[in-house]
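Work through the following exercises with the sequence and the structure in view, and try each task before reading its solution.

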Amino acid sequence: MENNNQTLTGFLLLGLFPPSRIGLFIFILIVIIFLMALFGNLSMFLLILLDVHLHTPMYFLLSQLSLMDLNYISTIVPKMASNYLFGNKSISFIECGVQSFFFLTLAGAEGLLLASMAYDRYLAICFPLHYPIRMSKKVCVLMITGSWIMGSVNSCAHTVYALHIPYCRSRSINRFFCDVPAMLTLACMDTWVYEYTVFVSTTLLIAFPFIGIACSCGRVLHAICHMHSTERRKKAYSTCSTHLIVVTFYTEPFAYIYLCARRLRSPSEAKILVVFYIILTPMLNPIIYILRNKEVMGALRRVIQRICSI
């Protein structure tokens, strides 16, 4: 056993890529996905910012989702790629804390933001006449601010706890980033109380919002069935189904990792699921929203025409 002072020297990230050609192929694939996610989310954010037709609560919330995904993937992948390229698996204690804080902040804030987006669509489709009053710019800003604040407070509590417990086992974290639940397996104290708080916070920030989103989508689908306009029905169904796809891709793997007991999943299974919601989802979000949204495609054409004319 190693002594507790090793927490001052940092940890070792075992990484994602095996030392072989397959590992190199996976690394190149991850880098391509990372670049696609960066370009897609940055483009979505700038597009909503530049086109006045998209200056509505729905697209303002969507721009914040793109901003979160942009920071989300940038918090993890560059360090992972650097460790692989230079053959250095170490990460300092401070770096680990900073990475963990930003990851947990963005993860919690995104779960709440997705719930806010579902509430926005629920009001727009089920209560169209009251929508401008109930979903004003002030309400929209409050929901976004609340998502960031609650995500930050939750993250701060978990990160501070993880950095102050004694570590006396191997420093090797079986992840490609500093994931608090994986770090706790190295602790030389009983952490069952903290694991319970992880369960509670994940339930509050991920599971409950997902249940709320599912209920709102159910109400929306019920309202769609009573619409007389075929065009409105198609638009409402497309919006609801798009959001449900994004939410499912994000929340299901996340909830399984943080709500399921460690003994029920293998480390390799956990790694695959982590890749899904950290790397794949930020890439898929802008693609799904662009391809299934005529207004975004129209705004994209207008911005491209404006740039070409200049």
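**Exercise 1.** Describe the span of residues 97-119 by its end-to-end distance and its helix and strand content.

Solution. The end C-alpha atoms of residues 97-119 lie 33 Å apart, and the span is 100% helix and 0% strand, where helices (H or I, at least four residues) and strands (E, at least two) are DSSP runs, numbered from the N terminus. In an unreviewed entry, UniProt lists residues 97-119 among its "transmembrane region" spans, although such annotations may be inferred rather than shown by experiment. This is a predicted model, in which local features need pLDDT of at least 70 and side-chain atom pairs count only at pLDDT 80 or more, while totals for chains, interfaces and linings use all residues. Residues are numbered from 1 along each chain as its sequence is written, and side-chain values use heavy atoms, with hydrogens and water left out.

**Exercise 2.** Find how many aromatic pairs the structure holds, and describe the one formed by Phe 101 and Phe 102.

Solution. The structure holds eight aromatic pairs, which are rings of Phe, Tyr and Trp (its six-membered ring) with centres within 6.5 Å, counted as stacked with planes under 30 degrees apart, edge-to-face over 60 and tilted for the rest. Phe 101 and Phe 102 lie 5.5 Å apart, centre to centre, with 75 degrees between the planes, and so the pair is edge-to-face. Phe 101 is partly exposed at 25% relative accessible area, and Phe 102 is partly exposed at 42% (buried means under 20%, exposed over 50%, partly exposed in between, with a 1.4 Å probe and protein chains only).
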